[in-house]
Amino acid sequence: MMTEKRHSFWRDVAKYRTLLIMISPAVLLVLLFSYIPMAGIVIAFKQFNYTGGVFGSPWAGFDNFKFFFQSGDAWRVTRNTALYNIGFMVLGNLLQIAAAVLLFEVGGKWFRKIIQSALFLPYFISWVVVGSIAYNFFSYDVGAINNVLASLGMERIDIYNTPAYWPYILVFFHTWKLLGYGTVMYLAAITSIDTEMYEAAEMDGANVFQRIMKVTIPNLIPTFIILALLAVGNIFRGDFGMFYNVIGNNGMLFSATDVIDTFVFRLLMNTNDFGMSSAAGVYQSVLGFVTILAVNYAVRKYDKDRALF
Amino acid sequence: MMKKKKKLGLVLTGVLAASMVLSACGQSNNGANNGAAANGSGSDDGGAANNQAANDAIDTSKAVNLKMVMLGPKPADYDQVFGEINKQLKEKVNATIDAEFLDWSDWGQKYPLKFAAGEDFDLIYTSNWANYNDQSNKGGFLELTDDMLAKYMPQTWAAMPKVKWDQARVNGKVYMVPQNQSKEFTDKLILYRGDLLEKYKLQPIDSPETYQAYLEAVAKNEKGMTPYGLEASDTKMHNLDKQLLLQKNNWFSVGDTSLAFKVDDAKGQVFSIYDTPEFKDLLTYYKSLADNGGWSRNALTNKGDTTGDFKAGKVASMSHNVTALGGILAEVDKTHPEWKATLADLTPDSHKSAAISTQNGIAIHATSKEPERAMMVLDLLQNDKSLHDLIMYGIAGTNYEPVGDDKFTKTDKYGNFNSFSNWAWNSPLNRVDTTYPQAAQDVEKKWAAQVFHYPLETFVFDNSKVLNEVTNVGNVMMRYGVPLEYGLVPDTAKGLETLQKQLKAAGIDKIKTELQSQIDAFLAKQG
C-alpha cells in the first residue's frame with residue numbers, strides 16, 4: 001500500500017513536471033510570505049525582548065491580549081470595522097457592477113475609454129492626499145462646503161466635530177476611490193460572456209433591460225461571489241491608510257470612526273510593544289478566519305461549485 | 001479515498017518542509033545571539049585586560065567603516081560634508097562613517113524596527129523622547145562602563161560633568177553618550193505679533209489673562225487669521241497645558257499619563273491632573289477661548305503647518321520652546337520687521353527646567369562589532385574642534401561662516417546640511433549663531449537664573465508592569481480629554497465627569513499606585 005502510494009505520487013510529479021515548475025514560483029512566494037511569517041504569531045504570546053528574540057523571549061500567555069479587552073472598546077471597534085467593511089463591500093460592488101454594465105452598453109470606444117480612465121484615476125490618489133482633499137471640503141472655517149453655505153447666508157456646519165456625518169463620508173470616499181478598479185474587473189467579466197447569448201436574446205426580442213437582467217447580471221454572479229468571499233476574509237481589517245489619514249487623532253469622531261487598526265495604533269503608538277501589536281493582529285486574523293469558513297460553508301450549502309474551497 | 005490520501009501526503013510534505021525551514025531559521029537566530037553574547041563578553045574581557053595595561057596605545061591598524069543612524073531628512077550636502085569628516089576620521093582613528101537618516105515623518109515606526117530586525121549598525125541617535133529608556137530596557141543598546149569610557153573616550157570623559165552621566169543611567173547603567181551642554185530649557189513660551197497688540201491697545205502679554213485678551217481681540221477683528229496655531233494635533237493634552245498648567249503650577253507630568261507631582265514637593269506625591277481645581281479652572285478658560293474663536297474649530301484635525309502659517313501672517317500666535325521660537329523670530333524679523341514679533345513667557349515667576357543630558361545623545365548598538373572604534377569616533381565628534389564644527393555646522397564658507405572661535409553666521413546653504421539630529425554632539429565647543437535674536441538670549445539668561453533642580457529630575461517611570469493601563473489611559477485622554485480641553489464638548493462639567501469616570505475604568509489608580517511606589521523607592525535610594 002505504502003509503496004504503491006509513493007510510487008503514484010512520484011509518477012504524478014513526473015507526469016505534471018512542466019505544470020509543477022510553472023506553479024512553483026507562486027507556491028514559493030506564498031510559502032515565503034504567508035506561511036513562514038505565521039511562525040511570528042508566537043510573538044503575541046511572548047514578552048518580547050531583543051536578547052531573546054522571537055523564539056527565545058519568555059512566554060506571557062494571554063497577557064498581551066488584555067489591553068485590548070480591558071479598554072471596554074473592543075466590541076465597539078470590532079463592530080465598527082465589520083460594519084464599515086460590509087458597507088464598502090455592498091455599496092462598492094453594486095456601483096461597480098452598475099458602472100460596468102452601463103459602460104458596456106454605451107457605444108463608442110473612445111467615450112468608454114475616457115470614462116473608464118476617469119473612474120480609475122482616484123485609485124491612484126494616496127489616502128494622504130484624500131485626507132487633505134476632505135479637509136479642504138469639510139473644514140469649518142476654510143472648507144469649500146462651509147464657504148458655499150456661508151455665502152448663501154446659511155449656518156456653517158461643524159462637520160469635523162459631528163460623528164454622525166462620518167460613516168457616510170467614509171463610505172463615499174472609499175467607494176469613489178475603488179469604483180474604477182472594480183469596474184474594470186467586472187467589465188472584463190462581461191466581455192468574456194459568450195456573445196451568442198446576446199445574439200440569442202436579441203433574436204427572442206429582448207430589449208436592453210431584459211438583456212441586462214437576464215444575461216449580463218446572472219453571468220456576473222460568480223465573479224461577484226468570489227470577490228465577496230475574498231473581501232469577507234478581510235472584514236475585520238480596517239483600512240488603516242484611509243481611517244488614519246481622513247480622521248487622524250480627532251477624539252470627537254472616535255465613537256463613529258474607530259476601527260480595530262486605528263484603535264490599536266493609537267493605544268500602542270508610544271509603547272512600541274511588539275507582543276501587544278501582534279496580539280491585535282492575531283485577534284483580527286482569527287476572526288477573519290472564522291468568518292471566511294462560515295461564509296464559505298454557507299455558499300457551499302447554496303451552490304457547491306461557487307465556494308472557494 | 002486514494003485521492004484524498006494523496007492530497008494529505010502532499011500537505012504533510014509541505015508542512016514538513018516548512019517546519020524544517022523554520023527550525024533552520026530558529027537555529028541560525030540562536031547562532032547570531034550566541035555570537036553577539038560572545039562578542040559582548042569578549043569586549044568585557046578586553047576591557048579588563050586593558051585595565052592592566054592602560055597605557056598601551058589602542059590598536060587602530062584595521063580600517064573600520066561604522067554605520068550610523070540619525071533622525072531627520074538626509075542633508076543635501078551629505079556627500080561633501082561627510083566626505084570631509086571621513087577624511088579626518090580616517091587620519092585620526094582609521095575609521096569612516098556611513099550615515100542613514102530616518103525622516104521625521106516615520107522615524108517613530110522605523111526606529112524600533114531597526115532593532116527588531118537585527119539590522120547591522122553601530123551608532124544610533126537616541127534621547128529621552130526617542131526610545132532611550134525603552135531600548136535600554138529591551139537590550140538594544142550596549143552598556144558603556146566607566147572603564148570603557150575612560151579608555152576610548154578620554155576627551156569626553158574629561159569634559160563631561162559626572163552628573164550628566166548619572167542623568168543618563170537606566171537602572172544604574174549608562175547606555176548613551178549624552179550631549180554636553182547646559183543651556184537648553186524644556187519650558188515653553190509664546191511668540192506673538194507686537195503690531196496687533198498695539199493696534200488693539202492691549203497690555204503686554206505676561207500672563208494667561210493678558211494672552212486671552214490678545215487672542216480674543218484677534219479673533220474678533222482679524223478675519224481670516226487664526227489667533228492661536230497648534231504645535232501638534234496628535235497630543236494627549238492641550239498644547240497650552242504645558243504652560244498654563246504644568247509650568248504655572250510647577251508640576252511635572254510623568255510619561256504619557258495624566259499623573260503629575262509638584263517639583264518642589266520633597267515627597268513627590270503623585271496626583272491626577274484632571275482631579276485638580278486648577279484643571280477645572282483652566283477648562284473654563286479654554287471653553288471661553290474656544291467659544292470666542294481663540295483657535296480653529298478643526299483644531300483636532302489640524303492639517304496646517306503652524307510655523308509656515310505664522311510666517312505667512314495667517315496665525316497670530318504660537319507656542320514652542322525658546323530655541324525654536326528664537327529661530328522663527330529671527331526669520332520673521334528679517335521678512336516682516338513691521339510685525340514686531342515678540343516672545344512672551346506666560347508664567348514669568350515659575351521654576352524653570354533645564355533639559356537633562358539625555359535630551360540628545362548617541363548610543364552604540366548592542367550587536368555592534370566595533371564598539372571601541374565607535375566610541376573613539378564619538379569622542380572626536382564631540383570634542384575635536386574641527387570635526388565638531390563639521391558635524392554641527394557643515395563646511396566653513398559653504399554652509400556657515402565662522403565668526404571668531406565661538407560664533408557663526410548662517411549662509412543660504414546652512415539648511416543643506418543642518419537638517420538632522422546632530423544635536424547629539426552639543427558640547428562647549430558649540431558656536432553661537434550671531435543672528436540668534438537678542439530677545440531669545442534675554443529669555444535664556446533670565447531663565448538660567450530661575451532653573452530649579454529637584455531630586456526627581458532624572459526619575460524615569462518604568463511602565464512595564466502597568467502597560468495595559470497606560471495604553472488605555474492614553475486612549476481615554478485622547479478621546480475624552482483633548483476634545484474637552486479644546487472646548488468642543490458643550491457641557492464642560494459633564495465632560496469632566498465622563499473623563500474622570502473613563503479614566504477610573506481605564507485603571508488610572510493602578511498606575512498611580514505603581515508610580516508612587518517607584519518614586520518612593522527612587523527617593524529612598526537618593527536620600
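Author: Start with strand β6 of chain B, residues 176-178, which is joined to β13(B) by three bridges, the two strands running antiparallel. A strand here is a DSSP run of E with at least two residues, a helix is a run of H or I with at least four, and numbering starts from the N terminus. Two strands are said to pair if DSSP finds at least two bridges between them. In general, strands of a sheet pair through backbone hydrogen bonds, either parallel or antiparallel.

Some conventions come next. Residues are numbered from 1 along each chain as its sequence is written, while chains are lettered from A and ligands numbered from 1 in the order in which they are written. This is a predicted model, in which local features need pLDDT of at least 70, side-chain atom pairs count only at pLDDT 80 or more, and totals for chains, interfaces and linings use all residues; side-chain values use heavy atoms, with hydrogens and water left out.

Now back to the strand. Within β13(B), B:Gly361 is the bridge partner of B:Pro178. Strand β13(B) also pairs with β3 of chain B (residues 123-126), again in the antiparallel sense, over four bridges. There B:Thr126 stands opposite B:Gly361.

Which way do the residues of β13(B) point? In a regular strand the side chains alternate between the two faces of the sheet. In β13(B), which covers residues 361-364, B:Gly361 and B:Ala363 point one way, B:Ile362 and B:Ile364 point the other way, and all are buried. Buried means under 20% relative accessible area, exposed means over 50%, and partly exposed lies in between (1.4 Å probe, protein chains only).

A second sheet of chain B gives a comparison. This one is an open sheet of three strands in the order β14-β15-β16, with mixed pairing. Its edge strands, each pairing on one side only, are β14 (400-403) and β16 (432-433). Strand β15 of chain B, residues 407-410, pairs with β14(B) over four bridges in the antiparallel sense. Strands β15(B) and β16(B) run parallel and are joined by two bridges. On that side, B:Phe408 stands opposite B:Asp433.

The term pLDDT stands for the predictor's confidence in each residue, from 0 to 100, and a contact means heavy atoms within 4.5 Å. Where pLDDT is low, the predicted coordinates should not be read in detail.

Chain B also has a partner. In all, 40 residues of chain B are in contact with 49 residues of chain A. The two chains bury about 4000 Å² between them, 56% of it on carbon and sulfur atoms. On the chain B side, B:Lys138, B:Asn298 and B:Arg479 lose the most area to chain A, together 16% of what that side buries. Buried area is the accessible area (1.4 Å probe) that two parts lose on being put together, summed over both.

Two salt bridges are found across this interface, a salt bridge being a side-chain nitrogen of Lys or Arg within 4 Å of a carboxyl oxygen of Asp or Glu. B:Arg479 forms a salt bridge with A:Asp73, with the closest N and O atoms 3.4 Å apart. Helices α1 (2-52), α3 (107-116), α4 (132-138) and α17 (467-485) of chain B each supply at least two residues of the side that touches chain A. The largest share of that side, nine residues, comes from α17(B).
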